[in-house]
Amino acid sequence: MEGALAPVNASARRMRQGAAQFTVLFVGTLKPWHGLDVLIDAFAGVRSRVPEARLLLVGDGPEREAVLARADALGIADAVEHAGAVAPSEVPALLHRADVAVAPYPPLDGFYFSPLKVYEYLAAGLPVVASAVGELPGVLEHGRVGVLVPPGDAAALADTLVALARDDDRRAALGARAREVAVERHDWSVVVRRALGFAGVRLPEHAGARRG
């Protein structure tokens, strides 16, 4: 993961977009198990308290029309940008437009999911707000690497996003720790070494190190 995605430079991003704008990012397919209805409801609450807030949706899927219609009904359509499905090579530039990234999964009892988007957010050095489901509590270590909210709770999600919008220092600290954890725990060389360790194979410490 290290080297594949440069961390977000918040200062440079704000110079490009204007210092006042606060952008919340979602990346993923627009399907029911991604909690997009909760995200739209939460963002309406954010927008009422942080007028400069913007929501950037990256991805497409069967919920697209319903999501955009819900935004329109709540009077926030002008603050919601739907980038649609994009090529993987375009994702880093979109990540670099964000101040906070979200993974608002609903309650998922008995449903397996791979939160790949969360690892991408961490690698980009973005503060992450996610539902406390599956393996995410262990990944985000509430308050240390990211912030957890109860699944399906739009009010809690809104309150958390508003608090982060008003606290530049906390966003910077979370983002820095997110990047650090992504490199330490989820870099592919670390993952391969761990898997081989389970199989009883030990690599020399320099194996898999980057060159140049």
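Colleague: Helices here are DSSP runs of H or I with at least four residues, numbered from the N terminus; with that in mind, which residue follows H5, and is its phi positive or negative?

Modeller: This is a predicted model, and in it H5 is followed by Gly-125, which has a positive phi, near 70°.

Colleague: How many residues of H5 are buried?

Modeller: Helix H5, which runs over residues 116–123, is mostly covered, with 6 of its 8 residues buried. Those buried residues are Lys-117, Val-118, Tyr-119, Tyr-121, Leu-122 and Ala-123.

Colleague: And how do H5 and H6 cross, at what angle?

Modeller: The axis of H5 and that of helix H6 (residues 136–144) come within 11 Å and cross at roughly 40°, which makes H5 oblique to H6. The crossing of the two is left-handed. On the H5 side the contact is made by Val-118, Tyr-119 and Leu-122, and on the H6 side by Leu-136, Val-139 and Leu-140.

Colleague: What classes of residue make up the contact of H5 with H6?

Modeller: The contact of H5 with H6 has 6 nonpolar residues, with no polar and no charged ones.

Colleague: Switching to the other pair, what about H2 and H7, where is the contact?

Modeller: From H2, the residues Val-38, Leu-39, Asp-41, Ala-42, Gly-45, Val-46 and Arg-49 meet Ala-154, Leu-157, Ala-158, Asp-159, Leu-161 and Val-162 of H7. By class, the contact of H2 with H7 has 9 nonpolar, 1 polar and 3 charged residues.

Colleague: Why do you call H2 and H7 oblique?

Modeller: The axes of H2 (residues 36–49) and H7 (residues 154–165) come within 8 Å and cross at roughly 45°, and the two helices are therefore oblique to each other. H2 passes H7 in a right-handed crossing.

Colleague: Now Pro-104, where does it sit, and is it buried or exposed?

Modeller: Pro-104 lies in the loop between S4 and H5, and with a relative accessible area of 6% it is buried.

Colleague: What does Pro-104 touch, leaving out residues up to four places away in sequence?

Modeller: On that basis Pro-104 touches Phe-26, His-34, Gly-35, Leu-39, Ser-131 and Leu-157. The C-alpha atom of Pro-104 is also separated by 8.4 Å from that of Val-149, 45 residues apart along the chain.

Colleague: Last one, which backbone atom lies 2.8 Å from the side chain of Asp-99?

Modeller: That is the backbone nitrogen of Thr-23, which lies 2.8 Å from a polar atom of the Asp-99 side chain. Asp-99 itself is in the loop between helix H4 (91–95) and strand S4 (100–103), and Asp-99 is buried, at a relative accessible area of 6%.

How values were computed:
Residues numbered from 1 in each chain as written. Predicted model: local features only at pLDDT ≥ 70, side-chain atom pairs only at ≥ 80, totals over all residues. Heavy atoms only, no water. Buried < 20%, exposed > 50% of the residue type's maximum accessible area, 1.4 Å probe, protein only. Polar contact = N/O pair within 3.5 Å; in protein donor to acceptor, adjacent residues only side chain to side chain. Axes fitted to C-alpha atoms, helices over the stretch in contact; angles between N-to-C directions. Parallel < 35°, antiparallel > 145°, perpendicular 65-115°, else oblique. Left-handed = near helix turned anticlockwise from the far one by under 90°. Contact = heavy atoms within 4.5 Å. Nonpolar A, V, L, I, M, F, W, Y, C, P; charged D, E, K, R; others polar.
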